[in-house]
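Visitor: I would like to learn how to read the packing in this model. Where do we begin?

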Amino acid sequence: MLEYFSLLNRIEWAIIIIAFAVSAQSANIRWLTGTLIVLKTIDVLIIGVIIKWGGFYYLAISLFDVVIIAMILNRQKTASRIANLNIPILSRLALGSAQYYKLTSNEICLILLYLTSIVVNLLSLIERLVRNYTQFEPMFIYNNYPMAKFVLTVLSILILCSLAINGANNLYRDRKGQKL
């Protein structure tokens, strides 16, 4: 299972990097994909360790999903704080995102997918606890977990591709109606 999740994480990470490059014209989407690159890089680096944690694995990846949701929702605040640090290139990129922040429908879909991922993780943990502490042996979530995570990852990749294409086509505009 480690190889499966590790490969899936790496594919998603590579697609986020491509989405970053494609959406470079849109400050809003560029900051989102840049944030996701940082978080997904951490995920790719630690998946081999946390997958060995047994039931705590589900809690760890759920916590990671919560962090991603929080970073999406608090992107403007984060960008504003980084813009004020006066770090040469990073502050300029952050300023554009902070000024022209707009929560898109694709981002809302990403948040919903990450929430669904959290539910699947927690259901899997509950099922594991039931198996460990009772005579009942439910295996529904366990048997479907890899496919559920695969579907959620593919959907998130499709949403990120859509975001990147929209950003590349300048569909996201600043508050004055000018292109970013």
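Guide: Start with one residue. Ile68 touches Leu36, Leu39 and Tyr114, leaving out residues up to four places away in sequence. Contact means heavy atoms within 4.5 Å. The model is predicted: local features need pLDDT of at least 70, side-chain atom pairs count only at pLDDT 80 or more, and totals for chains, interfaces and linings use all residues. Residues are numbered from 1 along each chain as its sequence is written, and side-chain values use heavy atoms, without hydrogens and water.

Visitor: How many residues does the largest nonpolar core have?

Guide: A nonpolar core is a set of buried (under 20% relative accessible area, 1.4 Å probe, protein chains only) Ala, Val, Leu, Ile, Met, Phe, Trp, Tyr and Cys residues joined through side-chain atoms within 4.5 Å. Here the largest has 29 residues. Leu36, Tyr57, Ile68 and Leu110 have the most contacts inside it.

Visitor: Which elements give two or more residues to this core?

Guide: Helices are DSSP runs (H or I, at least four residues), numbered from the N terminus. The contributors are α2 (27–50), α3 (56–73), α6 (105–133) and α7 (140–168). The largest share, eight residues, comes from α3. Apart from this core lies another, of six residues, Trp31 and Ala79 among them.

Visitor: What span does α3 reach from its first C-alpha to its last?

Guide: The expected span of a helix is 1.5 Å times one less than its number of residues. α3 has 18 residues and reaches 26 Å, close to the 26 Å expected. Its buried residues include Tyr57, Phe64, Asp65 and Ile68.

Technical notes: Buried means under 20% relative accessible area, exposed over 50%, partly exposed in between (1.4 Å probe, protein chains only).
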